[in-house]
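Hi,

Here is the structure I said I would pass on. Have a look at it first, and then read my notes below.

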Amino acid sequence: MPPRACSIANALRVVGERWSLLALREIFFGVRRFDQIAANTGASRDILATRLRGLVEAGLLEKQQYNDHPPRHEYVLTDAGRALHTVLLTLMSWADNHITEGDPPTVWRHSCGQVLTPRTVCTSCGDEVHTTDMTLIRADGLPGVST
């Protein structure tokens with residue numbers, strides 16, 4: 001029997017590896033050059049090159065040349081890559097609350113002037129979403145759920 005069709009599994013095929021997420025983190029921070037990304041993530045150069053190539057092929061990053069001689073490139077987020085900001089912020093918040101000891105190592109300020117605390121809200125009503133507020137209406141292959 002094939003595994004259940006799942007958008008989470010589809011996303012993990014693209015960004016579900018440590019070095020991919022850490023590379024994206026650096027690029028969100030404004031670090032775009034390979035050497036800096038490698039230094040800040042601790043990834044080996046060959047693994048990082050493979051992960052960055054995969055993110056470019058998946059359409060999350062674009063490689064832009066910034067020097068002709070020798071040819072040098074930097075990595076820039078595409079619209080699809082920028083759309084991952086909520087995922088990274090939520091993952092960071094989860095780790096700050098459940099994994100990281102002490103003060104969070106990274107803190108963002110929102111344009112309102114306050115420290116950013118990411119939350120998932122319903123786009124229809126604006127209320128914060130909790131697991132008790134949701135009803136599953138479709139999950140392909142899950143018995144007992146209409147499809």
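**How H2 and H3 cross**

Helices H2 and H3 cross in a right-handed way. Keep in mind that this is a predicted model. The angle between the two is about 120°, and their axes lie 10 Å apart. On the H2 side, the contact is made by Trp19, Leu22, Ala23, Arg25, Glu26 and Ile27, while H3 brings in Ile37, Asn40 and Thr41. Sorted by class, the residues of this contact are five nonpolar, two polar and two charged.

**The largest pocket**

Next, the pocket. The largest one has a volume of about 590 Å³. It is lined by 22 residues, and the closest to its centre are Arg25, Leu88, Leu89, Leu91 and Met92. Two elements give two or more residues to the lining: helix H2 (18-28) and helix H6 (85-98). The largest share comes from H6, with eight residues. As for the classes, the lining has 14 nonpolar residues, four polar and four charged.

**Salt bridges**

How many salt bridges does the structure hold? There are six. One to look up is the pair Arg33 and Glu74, whose closest N and O atoms are 3.7 Å apart. Arg33 sits in the loop between H2 and H3 and Glu74 in strand E2 (residues 72-77), so this pair ties together parts that are 41 residues apart in sequence.

Happy to talk it through whenever you like.

Cheers

Methods. Residues numbered from 1 in each chain as written. Predicted model: local features only at pLDDT ≥ 70, side-chain atom pairs only at ≥ 80, totals over all residues. Heavy atoms only, no water. 1 Å grid on protein atoms, 1.4 Å probe; cavity = no way out; pocket = protein on both sides within 12 Å on 5 of 7 lines; lining within 4 Å. Points joined across faces, edges and corners; volume = space filled by probe spheres on them. Helix = DSSP H or I, 4+ residues; strand = E, 2+ residues; numbered from the N terminus. Nonpolar A, V, L, I, M, F, W, Y, C, P; charged D, E, K, R; others polar. Axes fitted to C-alpha atoms, helices over the stretch in contact; angles between N-to-C directions. Left-handed = near helix turned anticlockwise from the far one by under 90°. Contact = heavy atoms within 4.5 Å. Salt bridge = Lys/Arg side-chain N within 4 Å of Asp/Glu carboxyl O.
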